[in-house]
Amino acid sequence: MKRGAIILCGGKSSRMGQPKAMLPFGEELMLQRVVRLVGEVVALDRIVVVAAEGQELPPLPDKVLLAYDTRENQGPLEGLACGLAALANTCDAVYATGCDVPLLVPAFVERMFELLGDHEIVVPKDGKFYHPLAAVYRTSVLAEVRQLLNADQRRPFFLFERCRTHKVLVDKLRIADADLLSLANCNTLDDYQQALKLVGFADLDRKSTLLNSSHTD
């Protein structure tokens, strides 16, 4: 299987208050860290970062591809469509993630590819909730994604219902990621602070002060 990855970072980050892709995390910024972690499983030249038009991004490895949403405010399916289109000729299947998962475990990504089997999609399921940005998609589902967008059916659930989807209970993924940290999005300042604490960064207070001060700039 020719593997790829899509990293979405074009959201408004409204709950965080500033672009999540640019948040400091150790010696890296958030997007840089996620690219590095995904790059332990997928070749850099098969990783595409999907951003909003004109969005500021941190420096990334030269081999990483860039794509841009063609329509604003369409949700993750728009970014998924752009990413799938960029990788359709070079990859059989892609892992899709947001840029706000700094605790991503590469073994989790590996496990999701392993679970794809002959399905078109494999997605974690937690009760009634799905994790579409911790899932693997065959690039062949691009046509279905576009049809949903044209029909203004932007919920990923509609895609799961139309495609052969393996819905994996999250507890079965603990073999690769015991604490399911790969599913821990940083949507708020509290989420961000907690993620920093979990990896033991000693300069948490400085980073928090920097973030808070940026709200008043």
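For the ring entries I needed a rule first: rings of Phe, Tyr and Trp pair if their centres lie within 6.5 Å. I also noted that this is a predicted model.

**Entry: rings.** I counted by this rule and got three aromatic pairs. One of them joins Y130 and F157, with 6.1 Å centre to centre and 45° between the planes, a tilted pair. I then checked where the two sit: Y130 is in strand β8 (residues 129–130) and F157 in helix α5 (residues 156–162), 27 residues apart.

I looked up Y130 against F160 next and found ring centres 5.4 Å apart and planes at 50°, so this pair is tilted. Y130 lies in strand β8 and F160 in helix α5, so the pair ties together parts 30 residues apart in sequence.

Which residues do the ring pairs link into a cluster? I wrote down Y130, F157, F158 and F160.

**Entry: burial.** Buried or exposed, I asked of Y130? Y130 is buried, at a relative accessible area of 12%. F160 is buried too, at 3%, while F157 counts as partly exposed at 30%.

**Entry: a charge.** I found the charged end of R155 over the ring of F158, 5.3 Å from its centre.

Entry: I searched for cavities of 30 Å³ or more and found one. The largest cavity holds about 40 Å³ of space. Its lining is P76, L77, L80, A96, P132, L133, Y137 and P156. Helix α2 (residues 76–87) gives the largest share of that lining, three residues. I sorted the lining residues by type: eight nonpolar, no polar and no charged.

Terms used
Residues are numbered from 1 along each chain as its sequence is written. This is a predicted model: local features need pLDDT of at least 70, side-chain atom pairs count only at pLDDT 80 or more; totals for chains, interfaces and linings use all residues. Side-chain values use heavy atoms; hydrogens and water are left out. On a 1 Å grid over the protein atoms alone, a cavity is a set of points where a 1.4 Å probe fits but cannot get out, and a pocket is an open set with protein on both sides within 12 Å along at least five of seven lines; lining residues have an atom within 4 Å of a point. Grid points are joined across faces, edges and corners, and a volume is the space filled by probe spheres set on the points. Helices (H or I, at least four residues) and strands (E, at least two) are DSSP runs, numbered from the N terminus. Ala, Val, Leu, Ile, Met, Phe, Trp, Tyr, Cys and Pro count as nonpolar, Asp, Glu, Lys and Arg as charged, and the others, Gly among them, as polar. Rings of Phe, Tyr and Trp (its six-membered ring) pair if their centres lie within 6.5 Å; planes under 30 degrees apart count as stacked, over 60 as edge-to-face and the rest as tilted. Buried means under 20% relative accessible area, exposed over 50%, partly exposed in between (1.4 Å probe, protein chains only). A charge sits over a ring if NZ of Lys or CZ of Arg is within 6 Å of the ring centre and within 35 degrees of the ring normal.
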